Amino acid sequence: MRQRFTARAVVVGDHAGTVVPDAAVDVEDGTLTWVGPAADAPDAGDAEVVAVPGVLLPGLVNAHSHAPMVLFRGQAEGLPLARWLREVIWPREARLTPEDVEVAMTAASAEMLRGGVTTSVEMYFSPERIAAAVGRTGARAVVATPLLPLPGMPPLAEQLADAVTLATSAPGDGAVEYGIGPHAAYTLPLPVLRDAAAAAREHGLLLHLHVAETAGEGADLLATHGLSVPALLAAHDVLGGRVLAAHSVHVDDGDLELWREYDVAVAHCPASNAKLASGIAPVRAMLDRGVRVGLGTDGPASNDGLDLLADVRLAAGLARLREGSATALTAAEAFWLATGGAADAIGRPDLGQVAVGRRADLVHVDTRDLAFEPVLDPMDLLTHLVWSGTSRLVRDTWVGGRQVVRDGVCTTVDAEALRADVAERATRLAGPAG
Ligand SMILES: [Zn+2]
């Protein structure tokens, strides 16, 4: 199937922040085959023509999420992390069924598509149910099977073996890819991390873990081993291959040097880090060292949104506050962190940019809104997108050329029925004491 999109402008999603005004985009069988000014476009032939009045963006890539936690959104707002986990999250998760995960992920995936997010990296229980949910909505996901020493879960070696079996049996069609998600160095024995990393390297899988989210989490490890968490991971052969470290808030120059040396990518989650008062990650220092960085929402129980475009603005604002400089992170760079930069960070060069050879994951944002005026230069469209635009202005979303959001409504699933289902399940999971 061939499609020709025309738009007021295309925002490419590259590091330079390229905006192509009066643009045309050709798609063949879900892949981008031509991008440029409409005036220079080849003959469209018999392609289906889709003319959008606003801007076309690449589908956003959410580099760190636990999206089924929409079931716990906003619960126990304001509790410190340890009490929030012990009193609110763990009792609910103990009651969680695979069916709950699938329904919640389906609803969350539809919510993300509506907000222009076409791919997310997920780390949560019942990974095959997460994949099934994404199959229903038409989105993409990299699903990192969590490894966690929780009561009721199999021994860690068995969890790892199951994760590898699942990952190596995936179809490899670009829609769902499985990775391995050892939770963190402070929750898992180091040999488990080492084995998980070896398995990930052997099979080319994404290894996704939390690193240095809070100031205190590395203190015990530092006292025991005399090493920071990144140095500990390096010393235990956990780094190398496709490693994606969520957060990396409390890291020093030596840690970042290790990230550069081992090409560890960072999933930067500014909204979650702000809500939980974890701190502000040194994004500028990471980028200056050539560390790959992508933006993530983190779970909707600690953000509380799945609105990656909102987090682009927050990332730019927080980086500027941290460095005390209005040039610390440009609007173009901030947007890139949610598109091309995020695709690089998760090791998926087929995603994240409106560029020839990449998958046709496209988002149409309506610019007939005061938030998008004035436009004296095409770059203003990108500036407005970051500083005054909102995901509410996403009108249409395509994944691999297939339309999954039309006029602001997800067309692949019944979002209203899912909302009611999530509400009912969330009430049950809250338990008798509610
Ligand atoms: Zn997380």
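## Salt bridges across the chain

Arginine 129 is partly exposed, with a relative accessible area of 25%. Partly exposed here means between buried (under 20% relative accessible area) and exposed (over 50%), using a 1.4 Å probe and protein chains only. Keep in mind that this is a predicted model, where local features need pLDDT of at least 70 and side-chain atom pairs count only at pLDDT 80 or more, while totals for chains, interfaces and linings use all residues. Residues are numbered from 1 along each chain as its sequence is written, and side-chain values use heavy atoms, leaving out hydrogens and water.

So who does arginine 129 pair up with? Its partner is glutamate 99, and their side chains meet in a salt bridge (a side-chain nitrogen of Lys or Arg within 4 Å of a carboxyl oxygen of Asp or Glu). Glutamate 99 sits in helix α2 (residues 98-114) and arginine 129 in helix α3 (residues 127-137), so the bridge ties together parts 30 residues apart in sequence. Helices are DSSP runs of H or I, at least four residues, and strands are runs of E, at least two, both numbered from the N terminus. Glutamate 99 is partly exposed too, at 39%.

Here are some of the pairs:

| Pair | N to O distance |
|---|---|
| Glutamate 99 and arginine 129 | 3.3 Å |
| Glutamate 257 and arginine 289 | 2.6 Å |
| Lysine 275 and aspartate 304 | 2.8 Å |

Lysine 275 belongs to helix α9 (residues 270-275) and aspartate 304 to the loop between β13 and α11 (308-323), so this pair joins parts 29 residues apart in sequence.

Searching the whole structure turns up 29 salt bridges. There's also a network of them, linking Glu177, Arg242, Arg348, Asp350 and Arg359.
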